[in-house]
Amino acid sequence: MYVKNKEGANFEGHCWPGSSSWVDYTSPCARKWWAERFAYDKYEGSTPSLFTWNDMNEPSVFNGPEITMPKDNLHASDWEHRDIHNIFGYYMHRATRDGQLLRSGGAVRPFVLSRAFFVGSHRIGPIWTGDNLASWDHLKMSLPMLLSLNIAGYPFVGADVGGFFGNPPTELLVRWYQVGVLQPFLRAHAHIDTRRREPWLFGEANTALIRDALIIRYQLLPYIYTQFYKASIDNTPIMRPLWYDHPEDTSLYTNQEEFMLGDSLLSSPVLESNERSHLVVLPGPEVWYDYHSHTKYNPGTMHVPVQISSMPLFIKGGSIIATKMRLRRSSQLMENDPYTLIIALNNQGEAKGEFYIDDGKSMDYKSNKFSFMKLTLNNNQLSCRSGLKEASYISPSVERIIILGVDRALSASVKGSALVSSFSKSTGTVTIKKPSVVLSDEWVIDLF
């Protein structure tokens with residue numbers, strides 16, 4: 001059951017609980033025993049909404065050589081620790097995932113965050129970049145780390161917002177939230193000896209800035225969830241370097257300061273203190289639109305003025321993304337809220353996008369209880385078609401469609417019935433209100 005020392009006795013070392021022994025997760029019997037501990041009658045105080053974080057599972061041994069186990073410790077079948085060190089945390093991660101599945105009878109999706117990982121960990125649950133510092137250098141460093149992990153096949157990743165060690169200056173904390181909300185895994189976490197850093201402890205103005213950043217993540221959850229579906233099918237990176245979609249542009253190979261979220265959103269975060277003029281690189285050949293103002297930009301390099309509230313985020317021309325714009329206290333309360341479609345026209349006046357939905361918590365998607373739809377705008381028609389099969393999960397309706405890059409007023413109709421639309425010349429947008437369509441249905445809206 002436990003890892004042995006070289007003499008064959010249970011190994012004892014020091015970690016957060018004090019004197020400790022380690023379950024030998026390389027043993028199938030030990031993994032089965034561990035998974036059974038997550039049953040509600042065995043895990044005192046546990047509830048269906050309690051999930052798991054596997055920390056220190058490299059394993060970390062405070063008084064061990066190189067802060068881990070001695071290399072001659074013994075595991076199942078007399079394997080030495082030197083041989084299995086890199087997979088120890090993986091097997092703990094997997095056994096914990098199995099335990100969460102077991103406790104629900106396989107009905108509810110597990111969520112297990114792990115610090116250690118190995119090949120295949122991306123199929124189990126999220127990981128993060130470990131104990132970082134509350135410094136501008138570590139904020140900048142987090143981007144190439146997360147991009148590398150995504151390219152290597154680990155899409156569900158993030159970094160501790162604000163830094164784990166140390167006390168971030170207010171500006172750094174705000175900027176870190178502005179970056180973190182667009183990364184696949186988002187959490188704020190800090191060492192027990194650091195000062196409290198809840199967003200409401202830095203003055204109302206800074207609380208509002210952090211709230212504004214978090215609101216953007218909530219708005220984009222339908223789009224982000226679709227990227228997770230695509231990653232689950234073919235391991236497409238969720239967070240990707242610019243060169244991933246533009247391999248022909250060698251100038252992008254060294255760009256580690258910007259990233260794509262999916263194939264439609266480009267983040268160019270502010271990573272320097274007191275920055276007032278920010279360099280933005282928008283790859284070609286398509287146009288881009290500011291997510292906040294809907295201002296249209298041609299591809300290329302430019303400097304944009306920034307202040308502490310600035311969060312440079314751009315939509316690629318030719319994209320359609322689904323968002324939810326109603327403010328709620330949690331994503332669970334947003335479940336039945338209607339969608340806003342944002343359509344960013346390319347140079348040809350066309351756009352396309354994808355949308356995925358399921359119940360967000362059960363394993364029913366494995367029984368095809370989901371909807372995956374393809375959205376297309378061309379030839380003056382906006383269409384929604386099933387991407388794989390007949391839709392089997394009903395989504396909320398669409399309450400608004402915003403078309404970017406328009407130079408004249410447009411009228412719209414669905415099944416011959418006129419829809420209410422308005423045109424803003426200053427922003428180059430057309431807004432269609434209450435189009436009476438559902439994203440899990442097939443439909444066509446005519447534009448003229």
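Reader: Taking helices (H or I, at least four residues) and strands (E, at least two) as DSSP runs, numbered from the N terminus, where does Ile67 lie?

Author: In this predicted model, Ile67 sits in the loop that runs between E3 and H2.

Reader: And what is phi of Ile67 near?

Author: Phi there is near 55 degrees, which is a positive value in a residue other than glycine. Asn235 also has a positive phi, near 60 degrees, and it too is a residue other than glycine. The loop that holds Asn235 is the one between H5 and strand E7 (239-240), and with a relative accessible area of 29% Asn235 is partly exposed.

Reader: Staying with the backbone, is the peptide bond from Glu58 to Pro59 cis or trans?

Author: The bond from Glu58 to Pro59 is cis, with omega near 10 degrees, and Pro59 belongs to the loop between strand E3 (52-54) and helix H2 (81-103). Another cis peptide bond leads from Gly284 to Pro285, with omega near 5 degrees; Pro285 is found in the loop between strand E10 (277-282) and strand E11 (288-290).

Reader: Let's turn to helices. At what angle do the axes of H3 and H4 cross?

Author: Helix H3 (residues 136-151) and helix H4 (residues 170-180) have axes that cross at roughly 10 degrees and come within 10 Å of each other. Because angles under 35 degrees count as roughly parallel, H3 is described as roughly parallel to H4.

Reader: Which residues make that contact?

Author: On the H3 side the contact is made by Trp136, His138, Leu139 and Leu143, and on the H4 side by Glu171, Leu172, Arg175, Trp176 and Val179. Sorted by class, this contact of H3 with H4 has six nonpolar residues, one polar and two charged.

Reader: How many residues of H4 are buried, then?

Author: Ten of the eleven residues in H4 are buried, and the helix is mostly covered. Among the buried residues are Glu171, Arg175 and Gln178, as well as Leu172, Trp176 and Val179. As for partners, the buried residues of H4 pack against H3, helix H5 (204-234) and E8.

Reader: What about the largest nonpolar core: which residues touch the most other members?

Author: That core has 74 residues, and Ile403, Leu439 and Ile445 are the ones that touch the most other members. H5 gives the most to this core, contributing eight residues. In soluble globular proteins, nonpolar side chains tend to be buried together.

Reader: What is Ile403 in contact with?

Author: Once neighbours within four places in sequence are set aside, the contacts of Ile403 include Ile343, Leu345, Leu377, Leu410 and Val430, along with Gly428 and Thr429. Another core lies apart from the largest one; it has 19 residues, and Trp22, Ala30, Trp34 and Phe38 are among them.

Reader: Changing topic, how many aromatic pairs are there?

Author: The count comes to 22 aromatic pairs. One of them is Trp243 with Tyr253, an edge-to-face pair at 6.5 Å centre to centre with 75 degrees between the planes. Trp243 is in helix H6 and Tyr253 in the loop between H6 and E8, ten residues apart.

Reader: Why do Trp243 and Tyr253 count as partly exposed?

Author: Buried means under 20% relative accessible area and exposed means over 50%; Trp243 is at 30% and therefore counts as partly exposed, while Tyr253, at 44%, is partly exposed as well. Another edge-to-face pair is formed by Tyr297 and Phe314, with 5.8 Å centre to centre and 80 degrees between the planes. Because Tyr297 lies in strand E12 (residues 296-297) and Phe314 in strand E14 (residues 313-316), that pair ties together parts 17 residues apart in sequence. Tyr297 is partly exposed at 22%, whereas Phe314 is buried at 2%.

Reader: Which residues do ring pairs link into a cluster?

Author: The cluster consists of Tyr25, Trp34, Phe38, Tyr43 and Phe88, linked through ring pairs.

Reader: Last one: is Leu252 buried or exposed?

Author: Leu252 has 2% relative accessibility and so counts as buried, within the loop between helix H6 (242-245) and strand E8 (259-261). Not counting residues up to four places away in sequence, Leu252 touches Leu242, Trp243, His246, Val281 and Pro283. The C-alpha atom of Leu252 is separated by 8.3 Å from that of Pro241, eleven residues apart along the chain.

Technical notes:
Residues are numbered from 1 along each chain as its sequence is written. This is a predicted model: local features need pLDDT of at least 70, side-chain atom pairs count only at pLDDT 80 or more; totals for chains, interfaces and linings use all residues. Side-chain values use heavy atoms; hydrogens and water are left out. Axes are lines fitted to C-alpha atoms, for helices over the stretch in contact, and angles run from 0 to 180 degrees between N-to-C directions. Angles under 35 degrees count as roughly parallel, over 145 as roughly antiparallel, 65 to 115 as roughly perpendicular and the rest as oblique. Contact means heavy atoms within 4.5 Å. Ala, Val, Leu, Ile, Met, Phe, Trp, Tyr, Cys and Pro count as nonpolar, Asp, Glu, Lys and Arg as charged, and the others, Gly among them, as polar. Buried means under 20% relative accessible area, exposed over 50%, partly exposed in between (1.4 Å probe, protein chains only). A nonpolar core is a set of buried Ala, Val, Leu, Ile, Met, Phe, Trp, Tyr and Cys residues joined through side-chain atoms within 4.5 Å. Rings of Phe, Tyr and Trp (its six-membered ring) pair if their centres lie within 6.5 Å; planes under 30 degrees apart count as stacked, over 60 as edge-to-face and the rest as tilted.
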